[in-house]
Amino acid sequence: MKYFTEEHEWIQIDGNEAIMGITEHAANELGDITYVELPEEGNELIVGDQLGVVESVKAASDIYSPLGGTVVAVNEALEDNPELINESAEAKGWICKLTDFDESELNDLMKSSGYEKYLKSL
Amino acid sequence: METAVRNTPLTECHIAAGARMVPFAGWNMPVQYSEGIIAEHNHTRNAVSLFDICHMGEFRINGAGARTALDHLLARPVSDQQTGICRYNFLLNPAGGVMDDLIVYCIADDEFFIVVNAGCIASDAAQFRQELPKGIEFTDESDATAKIDLQGPLSAEVLISLGLDADRLPKYFHFNNVKTGGMSCLLSRTGYTGELGFEIYLPTAQAENMWNLLLSDSRVKPAGLGARDTLRLEMGYALYGHELNTTVTPLEAGMGSMLNLDKYPERQFIGSNALRGPASDKQLVGIMLDGRRAAREGTIISNIAGEEIGIVTSGAFSPSLGKAVAMGYISEDFNCGDKLLLNAGRKAIPGQITELPFYQSGSVRKKL
């Protein structure tokens, strides 16, 4: 199941892992992405903790964790190829994977149809 | 006070081409088109791009004594500027602070065309009107004049293939009156990208025809203000409102040698007493950062000991170099290669003072 936040992050639940990134809409708004500051593996996050930074030519955007949990993997390919987020924001451009998250926190997030409606409302 | 954002004569062309429009200096301007800033930047470095610069202002100053009057109003000499030559210059306040940086075109012995920043049109016009002696005519031609920049190593070939005689192409920082596609325009070999390029001035009513004529050459693509900014930053060119403002002097901005203060020790101009006074320890420097992460305007610069020594005025990822670069003012003696820390956000970004321009391979001075 895939979830979305009003801050334009996506969360894909895959077994006991939550894979996270920024949405295609966010990537388009930012423009060419030039730098991604990734979280560190092993970091324990609570909802709202700063997870990283995504920078484009014109702007920098902080990314906050939509879920609590432990960072078990980060997408190191973004260090040299941050443009992967422009090319494939919701697949190859994933940012990190969390485990030990609280499934009840997913209830606060939007599903795909809800996010589409939210985008239209902007 | 709410001020309406103005459209250029090309706004509809930009929207039709899929541009993302942003307000800039009171104008509704394209920051990028559909391919994005980095693609537009690279296309300018490798081929040729077209920029809508209609927001900038144009003044005409003429009448007997215009040359002498401008020589007093501007920081670089005008007295020795020959007809057909463009010269980068500064309008200063009495304290030597930069009111605007501009380009003066010497049209005739006592006739000059001056191109100024969009955000400074009103204050510059007020200064000229106040300081020019009676009898010298000052006209603000900004609304009647369109400005389109064609920039990139292929720009000369594009103009030639549109029918312009190669021998009518002006040399670096020269201009000519030319006719292309049935339109008369002033063409100067100037720009803000570090590449071989031209700036084209023509009546506003013809802007759209000229824009479309140039884009009819498939090598030419439009580029927005985003690419214009990364291109100029890689060249270390100052941007008014960032590196230049009324609190810094051209000497602090590293442009003292242009002023020829030693060559003309007796020359008096507005700001000259301040510039000849005690030297400031503030200096504009180029900083190459150690990675892709950028330090933005306002970032504090520290030395390796952690002491605050300055502030960033512009910073961005440099598409041509693949790493971030910045410019800023520091108030400490330095050498190229000195290490610095840029205190952006949670982690300081290391960098070092670097000779400008950052990008050394531009075609700007290419001989035609």
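Guide: Let us begin with a term: a residue is partly exposed when its relative accessible area lies between the buried range, under 20%, and the exposed range, over 50%. Please note also that this is a predicted model.

Visitor: Is B:Glu111 buried or partly exposed?

Guide: B:Glu111 has a relative accessibility of 22% and therefore counts as partly exposed.

Visitor: What is the general idea behind a salt bridge, and which residue pairs with B:Glu111?

Guide: Side chains of opposite charge can pair when their charged atoms come close. Here the partner of B:Glu111 is B:Arg60, with 2.9 Å between the closest N and O atoms. Because B:Glu111 belongs to strand E8 and B:Arg60 to strand E5 of chain B, the bridge ties together parts 51 residues apart in sequence.

Visitor: How many salt bridges does the structure hold over all chains?

Guide: The count over all chains is 19. One of them joins B:Arg45 to B:Glu195, again with closest N and O atoms 2.9 Å apart. B:Arg45 lies in helix H2 and B:Glu195 in the loop between strands E12 and E13 of chain B, so parts 150 residues apart in sequence are tied together. Both residues are buried, B:Arg45 at 6% relative accessible area and B:Glu195 at 3%.

Visitor: Which side chain meets that of B:Arg219 in a salt bridge?

Guide: That of B:Glu157, at 3.4 Å from N to O. B:Arg219 is partly exposed at 28%, as is B:Glu157 at 40%.

Visitor: Which residues are linked in a network of salt bridges?

Guide: A:Lys58, B:Asp229, B:Arg232 and B:Glu243 form such a network.

Methods
Residues numbered from 1 in each chain as written. Chains lettered and ligands numbered in written order. Predicted model: local features only at pLDDT ≥ 70, side-chain atom pairs only at ≥ 80, totals over all residues. Heavy atoms only, no water. Salt bridge = Lys/Arg side-chain N within 4 Å of Asp/Glu carboxyl O. Helix = DSSP H or I, 4+ residues; strand = E, 2+ residues; numbered from the N terminus. Buried < 20%, exposed > 50% of the residue type's maximum accessible area, 1.4 Å probe, protein only.
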